[in-house]
Amino acid sequence: MGKPDRGELVQGTLDMLVLKTLTLGPMHGWGIAQSIQQASEEVLRVEEGSLYPALHRMELDGLIDAEWGQSENKRRAKYYRLTARGRKALADEAHHWQQLARAIARVMETA
Amino acid sequence: MNKFVKRLRALWHRRELDRDLADEMAFHLAMNEQNGGGRFGNATAIQETCRDLWAFTSLEAWWQDIRFALRTLRASPLITATAIVALALGIGANTTVFTIVSSALRFDMAVDHIERVVALHPGEGLANLAPGAPTPIDFLNLRSQVKTVRNLAAYHFSAVNVSDGHALPERCWGVQMTASGWAMVRPKPQLGREFGPQDERPDATPAVMISHRLWERRYGGDPAIVGKFIRIDDVDHAVVGVMPAGEQFPEDTDLWTPVTLKDLGNPDFLRSLLIFGRLADGATISAAQSEIDGVTRRAIAQNVNGPVVNVRPFLEMIGVYDARAMLYAMVFAVGFVLLIVCADVANLLLGRAAARVREISIRIAIGAGRVRIVRQLLVESVMLSAAGGFAGWLVALAGLHWFDNMSAQGRRPSWIHFSMDTRGLLYLAGISIAAGILFGLAPALQLAKIDVNSAIKDGGRGAEGPRGRKLAGLLVGFQMALCVILLAASGLMIHSTVKLYNAPLSFQPANVLTMRVDLPETKYANGDSVRGFYNRLESELAGLPGVTEVSLASELPMRGWREFRGEVEGPQGKPSITGELDGLVVDPAYFPALAVRMRQGRAFDENGQSQVVVNESFAAKFWPGENPIGKRLRIAGRNGSQPWLTVTGVLADVQQDVMRPLGSDPLIYLPYHQDPQSSVYVVARTAIPPANLVEPFRRAVQNLDENLPAQDVLSLDDHIAQQRLNVTAFGKLFTIFAAIALVLAWVGLYAVVAHAVSRRTQEIGIRMAVGGTRRDIFRLVVKQGMRQVLGGFAAGLPLAILVTRGLSHGLVGVSPSDPATYLGVALVLGIAGLLGCAIPARRAIRVDPLAALRHE
């Protein structure tokens with residue numbers, strides 16, 4: 001394994017980003033990936049190889065719900081939706097993340 | 001919806017999951033293409049990863065193991081069937097015994113926390129009290145003073161005669177209990193009302209509460225029974241209620257009556273009470289003991305050595321409570337049988353393991369972990385034991401059915417039912433799994449340890465190795481050791497049974513008919529009316545053809561005695577001795593009726609005053625080396641009178657305690673004439689078979705009093721057989737267990753020796769080729785097998801001596817370390833062992849050296 005790419009996500013943050021994205025409304029996997037990419041102004045790129053396992057894991061854990069529906073282009077697509085538990089998990093994660101970010105920032109400033 | 005359910009659903013809709021995953025990936029790809037490409041990872045790999053998330057990975061591996069195990073077990077049907085049958089017997093017998101014991105010891109008496117209820121018994125200190133001293137356990141006094149026991153209650157338990165228009169008069173058990181006793185009883189009457197304060201008033205209409213079983217049996221479940229009158233000991237009682245089925249507190253009884261204030265003023269009644277109560281919160285038995293003993297001591301106001309009152313758990317009064325050690329011993333014994341079964345099955349599997357070395361080696365070689373191999377093999381053995389457990393369940397159902405039927409014929413507490421319950425099933429499941437692991441572990445570890453390289457090269461022969469043979473030998477030794485314990489236990493019991501049956505009787509039980517009659521005190525209130533009734537009965541019976549002698553006795557042989565407080569004149573020049581005296585009340589015809597010899601002197605006269613007969617043991621105890629004739633003793637009478645009685649004769653010892661055939665209990669025989677008892681046995685010697693006189697005896701009683709039932713009309717032979725049966729029942733069960741154990745251990749030994757012979761065919765061939773005689777070969781094989789038998793015996797002997805101590809309670813005239821019994825055990829085991837070795841050894845000597853050498 002080589003050096004991680006710049007655009008790769010820090011371990012564990014993908015879940016949080018997916019949950020955050022789903023607060024905008026139900027979305028399919030491709031839409032989530034695109035949404036994260038755009039919101040991060042193309043800095044973060046979501047690999048399908050991590051996205052789908054993460055989605056299925058969170059579905060099993062009950063953080064998100066899935067439903068099959070029609071996509072914009074009339075294809076059968078799986079839409080993910082935030083559950084109450086997912087919302088709570090997102091709040092926890094976000095809080096934790098902000099603490100971490102602030103702490104890192106402080107260290108970087110003083111050093 | 002939780003994870004598990006989601007996964008389960010995914011498992012069910014497996015195909016759907018696959019399609020959905022494929023669709024999801026396809027959609028993503030399509031979107032990618034539509035929006036100007038972008039690369040996509042390995043779609044199949046992503047799908048695979050996602051699918052794994054939905055799967056029960058570990059569960060599926062287990063499933064694989066189970067299917068594989070099924071295939072393996074089917075591949076060797078003979079071994080599988082043998083193992084299942086052996087396990088079914090072992091597990092079935094264990095579950096049966098466990099369920100019987102746990103049901104018998106449940107004490108479900110519908111009383112909350114029965115284990116905190118205590119009963120008050122007279123203590124040893126009483127023996128020193130002068131005859132005629134007031135009864136020390138004074139209910140009323142205790143009730144007002146004792147703090148450590150709440151709810152101090154008392155009851156009187158006795159047989160009563162029930163008569164009414166419904167059926168023939170019947171002898172029933174009755175409990176007369178104080179209201180404080182009723183306060184402990186949980187269930188309410190299923191019909192009618194509870195006893196209330198109005199029933200305890202001295203002028204109350206006599207009331208009775210009947211048990212469910214009496215209600216069904218005698219009154220056919222009559223829903224209108226409440227309010228009707230039934231005659232109890234010739235007094236009309238109004239039925240106030242029916243208790244629900246199974247309610248039998250504080251004794252196994254048919255009916256209950258209240259204690260009235262009038263009863264409490266009667267000292268005779270107070271004396272007959274059994275006092276009990278629930279320990280106050282935080283109080284211990286020893287605290288209650290010291291408080292109650294102290295209170296009682298102050299009331300007696302005499303110096304007494306030893307406790308006058310003993311506070312003991314209420315449960316101790318229940319018959320099975322005494323038999324606990326025996327019951328637990330039974331659970332152990334049958335557990336040993338299962339261990340022997342396990343060792344047998346382990347040996348079977350070890351034998352098969354040798355044949356499977358190659359298969360396992362290959363699995364290890366292509367990368368199966370050893371833990372996985374052990375797991376696989378354990379799954380196999382647990383499945384085997386599960387099958388055995390299922391078959392064992394059927395065995396246990398049959399066993400329990402048999403036992404329940406059998407014991408229902410005897411008199412057993414009504415809360416005890418022997419049927420499969422949840423606890424029994426849990427136990428069954430537990431021992432099945434434990435047995436599977438136990439017998440599977442040795443072969444599994446053995447196989448997992450094999451050296452793959454040599455095993456594959458060796459063609460699966462060499463790998464059995466000395467360790468496997470040693471293990472098999474150890475297992476056989478272990479079986480033999482367990483066998484020794486069981487054989488010793490059953491041997492002791494058999495020995496004790498033999499002693500019991502062979503003990504010489506000092507009387508002639510053949511051609512004696514006995515019958516019990518209880519006169520209700522309400523109708524036969526004084527000694528004269530009782531005496532009058534029995535005089536008429538005796539002359540009526542004596543007039544029957546075939547009756548040669550009719551007598552009355554308070555107890556029959558082997559049925560115990562009555563206890564008296566009394567005083568015995570000491571030997572020459574010594575002070576007299578006060579204390580408890582045991583004895584019977586009989587009329588002089590009792591001695592010829594039993595045909596028991598008078599060793600010295602003669603019986604008391606028919607109407608003689610102040611005379612008494614003692615038995616040999618009594619004379620030897622109190623007047624050693626002196627002539628007992630003319631010595632004196634006296635008994636505390638009901639009304640305080642205690643004239644001196646003169647010994648007229650010394651009777652040969654008659655066995656009164658069924659557990660002590662060598663009867664050395666000092667007993668006195670008091671003349672019936674002086675102390676007429678309302679409950680007696682009629683003992684009649686006959687010239688014709690006693691069975692022919694049963695009906696005439698019954699009729700004779702009915703003719704004199706139509707409300708009076710004749711009970712237990714039995715020949716003395718039958719009566720003695722019944723008494724002995726209770727003592728020998730456990731011995732029979734142990735003997736069955738020991739026989740099964742011996743057969744199973746023998747099979748184990750035989751299999752191991754036979755296996756060794758067949759493995760050593762080549763070696764035997766060489767030995768014979770170089771000049772070994774058949775005798776040498778025979779000796780070699782037998783010697784090797786007998787090593788395990790002897791090792792097992794040596795290991796089992798000290799254990800057996802230790803374990804059988806627990807049985808001493810149930811042994812008659814045999815010490816737990818009886819050398820003759822152990823000699824017998826050694827003999828049985830030795831013969832079985834020699835047979836187990838000799839049969840395969842005979843095969844060994846028939847080996848044709850040439851054929852053996854070509855064996856490879």
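I began with helix α1 (residues 13–22) of chain A, which lies across β1, β2 and β3 of chain A and runs at about 95° to β3(A). Helices (H or I, at least four residues) and strands (E, at least two) are taken as DSSP runs, numbered from the N terminus, and angles run from 0 to 180 degrees between N-to-C directions, with axes fitted to C-alpha atoms, for helices over the stretch in contact.

I noted that this is a predicted model, in which local features need pLDDT of at least 70 and side-chain atom pairs count only at pLDDT 80 or more, while totals for chains, interfaces and linings use all residues. Residues are numbered from 1 along each chain as its sequence is written, and chains are lettered from A and ligands numbered from 1 in the order in which they are written.

I then looked up the sheet of chain A, which is open, has three strands in the order β1-β3-β2 and pairs antiparallel; strands pair if DSSP finds at least two bridges between them. Seven bridges join β2(A) to β3 (residues 76–82) of chain A, and A:W68 has A:K78 in β3(A) as its bridge partner.

Next I checked where chain B touches chain A: 15 residues of chain B are in contact with 15 residues of chain A, contact being C-beta atoms, placed from the backbone, within 7 Å. On the chain B side, α2(B) gives the most, with seven residues.

Last, I looked at α24 (residues 774–803) and α25 (residues 819–845) of chain B, which pack at about 145° with their axes 8 Å apart. Among the residues that meet there are B:F778 in α24(B) and B:L829 in α25(B).

Notes:
Contact = placed C-beta atoms within 7 Å.
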